[in-house]
Amino acid sequence: MNYLELLKLFAPETIVVVTALVVLAVDLTSMRELETRLRFSIGGMIASVGCAAAILGILVIPERANTVGGMMAVSPLTQHVKICLLALTVFTVLISIEAKFTSHVGEYLGLILLATVGMMFLVSAQDVLMVFVSLELTSLSLYTLTAFNKRNIKSAEAALKYFLFGGMAAAFMLFGLSLIYGLTGSTNLHAIATALAGKGLDPLLVVAIVMTVIGFGFKVAAVPFHLWAPDAYEGAPTPSAAFIASGSKLASFFIFAKIMMIGFAGAEGSAAFRSFVAGWTPVIAAVAALSMILGNLAAIVQRSVKRLLAYSAIAHAGYMLLGLMANSSEIYLSLIYYATTYGLATIGAFGVVALVENSMGDDKLSSFVGFSKRAPVAAFAMMIFLLSLAGIPPLAGFFGKFFLFAAVLKPGASSLGLLWLVVLAIATSAVSFYYYLKVLKQIYVVNGTDRKDATNVSWFAQVVLLVMAILVILLGCFPNLLVGGLQACLASSG
Amino acid sequence: MAWIVKNLWLVPALPLLAAGLSALVPQRSRKFSASLAIGSMIGAFLLSLWAFAHALQHNGHENAKEVFNFAWLQFASGDAGILKLGWVLDPLTAVMLVMVTFIGTLIFIYSTGYMAHDDNFTRFFTFLSLFAAAMLGIIISNSLLLLFMCWELVGLASYLLIGFWYHKPSAAAAAKKAFITTRIGDVCFFLGIMWLYHQAGTLLFYDNGAGCMEQTALLKMVTQTTYFGLAVSAAIGILIFIGAMGKSGQFPLHVWLPDAMEGPTPVSALIHAATMVAAGVFLVARVYPLMAVHMDGAAVETAALQAVAWVGAITAVFAASIAVAQNDIKRILAYSTVSQLGYMMMGLGTGGVAVGMFHLITHAFFKALLFMGAGSVIHGCHEEQDIRKMGGIRNFMPATFLTYAVGMMALSGFPVFFSGFWSKDAILHAAHGWSVSHLPFYLGVAGAFLTAFYMTRQMALVFLGKYRGEKSQSPRHHAKSPLVVLKGVPVGGENDPHESPRSMTMPLIILAICAIALGAIGTPAWPWFQSFLGDHHGEGFTYDVIQLMVTSTLVVFAGLGLGLWLYGRKQRNTVDEPDVLEKLPMGMHAWFANKYGIDELYEMTVIRFNAWFARVCATIDEKFLGILVLLLSYFTVALGWVSNAFDNFVINLGFDQGCERVSRGGKLMSRLQGGRVQIYLRVIGVALVVLVLFLIWGGGK
């Protein structure tokens with residue numbers, strides 16, 4: 001395979017890289033003198049167009065290929081995930097257009113795009129080395145995005161914590177991956193699986209598995225590797241937090257599932273009730289259970305909505321980890337649907353939080369009092385997002401949970417052993433109603449000071465939020481819009 | 001199978017679609033719903049013509065009945081568990097289809113004029129279309145069940161349309177009366193359906209030899225006997241006939257039909273003169289094989305047909321005598337309809353399908369004509385219906401007068417030129433030759449005399465002499481109907497009667513032509529209609545026939561002459577003048593005018609019993625069941641109290657404590673979040689150790 005073909009195969013990624021550079025260059029050269037808002041608009045439009053072009057590119061290039069000696073793979077499934085990723089990126093860019101926290105527009109948008117490139121490569125990766133490199137590209141961009149509000153000391157602190165924690169986790173993961181290389185003599189996922197087959201679970205492999213789980217546990221913010229998340233979400237500029245919670249999560253979960261299911265195919269063990277067998281599923285089961293419990297409980301007492309959303313993100317990571325338990329290729333379907341719709345609702349919620357921050361100065365729960373009177377459209381959108389996160393039918397969040405739980409319970413005889421996890425998930429999601437409704441109560445019910453003029457929401461922000469809210473409703477009513485395509489992908493990839 | 005047979009369902013489907021659509025559009029889209037209804041009717045008419053042409057072409061084949069059956073639902077396993085529905089195209093269907101769609105189209109057009117000022121114009125056309133759909137459904141259905149469904153739909157549409165002006169209490173009451181009275185017949189009808197299904201195992205009329213009107217099933221039913229020595233087939237036939245009696249207003253279930261005249265006049269013309277009431281006659285014609293089947297060699301007519309003939313004959317003369325003493329223009333026509341339906345039944349009972357159906361068709365045309373003419377008169381006289389307050393209208397409404405006269409001649413059976421003469425004569429001829437008794441024939445002749453008499457009386461009072469209505473009133477109606485004034489119709493005074501708009505007179509003229517011309521298809525000289533419907537015993541002008549014709553002509557002339565002598569010679573001058581007939585001995589006029597007191601009799605017996613029974617039930621309900629319910633309610637309240645206490649003290653307390661614990665747990669969890677990054681990193685190390693140990697020890701078990 002020559003480089004031209006490689007370029008063609010990864011044209012979407014290339015387009016996004018070029019877009020990042022264009023945004024950077026345009027901003028640095030010709031827009032220096034302009035007003036920030038205008039620069040953000042122009043830059044945002046360029047970035048969105050670039051992402052759209054990348055989506056178009058994905059739709060035209062060949063659907064299935066294995067390149068660079070099996071390091072990277074392109075299949076309908078990865079293409080689908082990439083489209084979802086790019087869509088989430090576009091929405092992130094759109095909600096950051098109103099931002100006031102920085103004047104370095106080109107750098108900010110460029111970093112978002114570069115992080116997106118990292119995620120896209122991550123999705124395609126078939127080799128642990130490639131996984132690590134892509135992961136680092138993503139992470140480094142995200143650290144910087146977290147630190148972007150230079151006027152706020154909390155932003156810097158959050159970024160530092162995120163960076164230190166992330167560095168440590170990356171070190172653990174790299175250690176784990178090198179152990180695996182030592183055990184199997186290969187970095188390719190399929191080769192690793194072949195080498196591990198039939199060997200049983202020796203302690204070195206156990207350590208390697210746990211260390212890999214730690215690396216990804218950090219990425220998806222699962223307990224007990226979540227400690228960075230509340231601080232980072234709270235301190236980071238709101239669009240950055242939204243991006244960390246949405247796109248990054250989708251990509252990480254996808255590759256997490258891939259490594260566990262393909263790489264450690266022989267070592268899954270069992271987390272079934274009373275028939276526990278060591279392997280990676282019990283580890284993930286423990287992490288998932290802890291995430292669901294801690295995320296949902298800790299969210300209750302939060303005063304800051306961004307922190308609340310951070311804990312909610314932890315809880316949702318728990319639900320999605322539950323999906324990994326199913327350990328079958330159909331789970332990709334539920335997982336992608338869940339992660340995408342969750343990302344959509346989260347970006348929307350953070351977008352609304354950003355609006356409140358812009359007008360009220362902080363994201364305290366009390367700042368949301370009377371929001372429905374000040375900005376009825378945004379308040380309505382927020383209601384849709386939060387109810388979807390809580391999992392109320394017919395919104396997308398409900399069907400996400402439904403598909404996920406159904407997938408966990410579906411296959412074969414051993415499946416009902418996982419019932420304890422599903423019951424736990426349902427119980428904790430009942431708890432989650434409490435804190436989501438707490439926010440809605442502030443918005444709709446509590447009567448506060450009449451500061452009608454305090455929030456001035458631009459029509460553009462309203463349109464973006466409304467579009468996302470409608471998408472959440474539509475995807476809930478017609479899950480096939482998303483899942484139908486995926487089903488076809490899975491069927492074709494066998 | 002021909003396309004038209006396969007797709008015969010389109011005929012009722014078109015008006016049904018129109019009904020559905022105009023039910024959905026807002027009330028103000030009058031033009032849309034009217035044109036939709038008329039368009040769908042014209043479409044149905046064209047399809048019917050096609051079906052008729054097909055039937056004509058196909059006639060004379062071995063099997064003139066073409067059917068299309070399909071499985072509707074499966075309620076039990078096996079072939080017997082499949083319920084089949086279907087439709088049939090035979091001469092009977094074809095003739096009825098053309099008649100109903102043709103008259104329906106005319107009446108729809110007429111209604112646009114008649115109902116022009118009504119607020120609920122759209123709703124009216126919705127109901128009319130619904131009615132037309134159901135009626136056409138009855139005609140085409142090849143299954144007694146499908147027929148029954150449409151039958152009930154027709155009843156519903158009739159109910160809705162009689163009560164169309166529901167703000168009038170009399171209209172609401174009449175709608176209720178019609179619905180309940182026909183329901184009494186329907187109960188028996190349904191019993192008959194059940195019994196038939198039990199006996200034959202199918203409700204399809206024709207199914208390639210397996211239908212319930214075909215030889216196998218009929219033979220099975222005629223050989224069994226049931227109560228009173230009746231053959232099962234005859235018993236079922238009588239039950240079905242009771243259903244037909246309800247719908248066709250046969251004595252003693254006729255009471256609803258005159259009251260039904262409370263509905264708008266087009267409704268009376270369409271439903272209560274031309275089509276729906278004829279459905280009963282049609283039903284008898286449809287199940288005629290069942291009624292007529294008898295044991296081989298038995299010479300007597302079957303009990304079912306005897307019942308049909310007797311009920312028909314009694315109704316014919318009974319209703320005609322009531323019509324003599326009525327003063328409401330529509331009521332006279334209503335009783336006349338009842339009487340004519342009696343003739344049709346008599347024709348069916350004594351002469352067979354063709355005789356009854358011939359009168360049904362001709363009657364549909366001239367009775368629709370009469371009703372629409374009456375509607376025109378009522379419209380012109382500012383909603384006046386009392387014939388004593390009319391008079392001399394021929395000068396104001398020439399078109400209406402001429403067409404009405406044609407209808408009246410046809411109904412009276414004026415010789416040779418009018419269709420009614422030929423169809424009525426066929427019935428009288430059949431009754432004359434009936435083997436059981438000659439009494440129906442004499443009743444029929446008496447009815448013919450009365451018919452000629454009361455129609456002459458009506459004509460004389462309405463159209464001859466001079467106008468007796470009030471003339472010096474404020475011009476209220478003209479203000480309401482600018483349409484009429486704009487059309488430039490010559491109006492004398494502000495309040496004089498006026499001719500109706502073109503949309504109303506055109507249908508009248510068309511119908512009048514039909515009322516004359518239709519007689520030609522069924523004369524003894526050329527009995528095309530009879531042979532088309534399958535009766536082959538045309539005799540031509542034999543001595544018998546001519547003798548009978550002369551007799552009936554004399555009778556009709558006697559009626560006409562007496563009517564003219566009593567009412568035409570010397571017109572009444574005031575409204576309150578007593579009727580000439582009041583001089584009759586023994587208070588006969590009072591009997592006629594009060595409809596023999598049948599309504600009062602029902603009031604005294606059935607309704608009073610019903611009310612008494614209702615009171616008894618209410619008492620039982622209050623005194624006996626009420627106490628039970630009361631006890632039950634106390635029990636429920638006590639149970640509620642207990643569970644309330646349980647809720648408050650056990651569940652809520654527990655829930656509150658649980659919630660508190662959840663909150664405390666949340667606080668504990670967030671305390672983990674110290675903000676010190678060193679501790680965070682240490683947690684990773686601890687987690688690694690714990691998880692590894694967990695796996696290794698866990699796996700060792």
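Visitor: Which residues have the most contacts inside the largest nonpolar core?

Guide: Welcome! This is a predicted model, and its largest nonpolar core has 219 residues. Helix α16 of chain B, residues 353–380, gives the most to this core, with 17 residues. Those with the most contacts inside the core are B:Ile103, B:Phe131, B:Met135, B:Val284, B:Ala368 and B:Ala515.

Visitor: Leaving aside neighbours within four places in sequence, which residues is B:Ile103 in contact with?

Guide: B:Ile103 is one of the residues through which α4(B) makes its contact with α16(B). Once neighbours within four places in sequence are left aside, the partners of B:Ile103 are B:Leu270, B:Ala274, B:Thr275, B:Ala364, B:Phe365 and B:Ala368.

Visitor: Is helix α4(B) roughly parallel or roughly antiparallel to α16(B)?

Guide: The axes of α4(B), residues 91–114, and α16(B) come within 11 Å and cross at roughly 5°. Angles under 35 degrees count as roughly parallel. Therefore α4(B) is, relative to α16(B), roughly parallel.

Visitor: How do the residues of that contact between α4(B) and α16(B) divide into nonpolar, polar and charged?

Guide: On α4(B) the contact includes B:Leu92, B:Val95 and B:Tyr114, while on α16(B) it includes B:Met357, B:Gly375 and B:His379. Counting the residues of this contact gives 13 nonpolar, two polar and no charged.

Visitor: Which element of chain A gives the most to the side that touches chain B?

Guide: Between the two chains, 31 residues of chain A are in contact with 23 residues of chain B. The side of chain A that touches chain B divides into 29 nonpolar residues, no polar and two charged. Elements giving two or more residues to that side are α7, α9, α10 and α13 of chain A. With seven residues, the one that gives the most is α13(A).

Visitor: Does A:Ala265 count as buried or partly exposed?

Guide: A:Ala265 is found in the loop between α12 and α13 of chain A. Its C-alpha is 7.8 Å from that of A:Ala197, although the two are 68 residues apart in sequence. Because A:Ala265 has 17 C-beta neighbours inside 10 Å, it counts as partly exposed.

Visitor: And A:Ala221, is that residue buried or exposed?

Guide: A:Ala221 lies in the loop between α9 and α10 of chain A. Although not a glycine, A:Ala221 has a positive phi of about 60°. A residue with 20 or more C-beta neighbours within 10 Å is buried. A:Ala221 has 29 of them, so it counts as buried.

Visitor: Where is A:Pro394 placed?

Guide: Let's look at two cis peptide bonds. One runs from A:Val223 to A:Pro224, with omega near 5°, and A:Pro224 is in the loop between α9 and α10 of chain A. Another cis bond, also with omega near 5°, runs from A:Pro393 to A:Pro394. The place of A:Pro394 is the loop between α17 and α18 of chain A.

Visitor: Over which residues of chain B is the pLDDT below 50?

Guide: Chain B has a mean pLDDT of 81, and 90% of its residues reach 70 or more. Where pLDDT is low, the predicted coordinates should not be read in detail. The stretch with pLDDT below 50 has 18 contacts in the model beyond near neighbours in sequence, and it covers residues 472–492 of chain B.

Visitor: What ipTM does the predictor give the complex?

Guide: The predictor gives two scores here. Its pTM for the complex is 0.56, and its ipTM is 0.83.

Notes. Residues are numbered from 1 along each chain as its sequence is written. Chains are lettered from A and ligands numbered from 1 in the order in which they are written. This is a predicted model: local features need pLDDT of at least 70, side-chain atom pairs count only at pLDDT 80 or more; totals for chains, interfaces and linings use all residues. A nonpolar core is a set of buried Ala, Val, Leu, Ile, Met, Phe, Trp, Tyr and Cys residues joined through C-beta atoms within 7 Å. A residue is buried if 20 or more other C-beta atoms lie within 10 Å of its own, exposed if 12 or fewer, and partly exposed in between; C-beta atoms are placed from the backbone. Helices (H or I, at least four residues) and strands (E, at least two) are DSSP runs, numbered from the N terminus. Two residues are in contact if their C-beta atoms, placed from the backbone, lie within 7 Å. Ala, Val, Leu, Ile, Met, Phe, Trp, Tyr, Cys and Pro count as nonpolar, Asp, Glu, Lys and Arg as charged, and the others, Gly among them, as polar. pLDDT is the predictor's confidence in each residue, from 0 to 100. Axes are lines fitted to C-alpha atoms, for helices over the stretch in contact, and angles run from 0 to 180 degrees between N-to-C directions. Angles under 35 degrees count as roughly parallel, over 145 as roughly antiparallel, 65 to 115 as roughly perpendicular and the rest as oblique.
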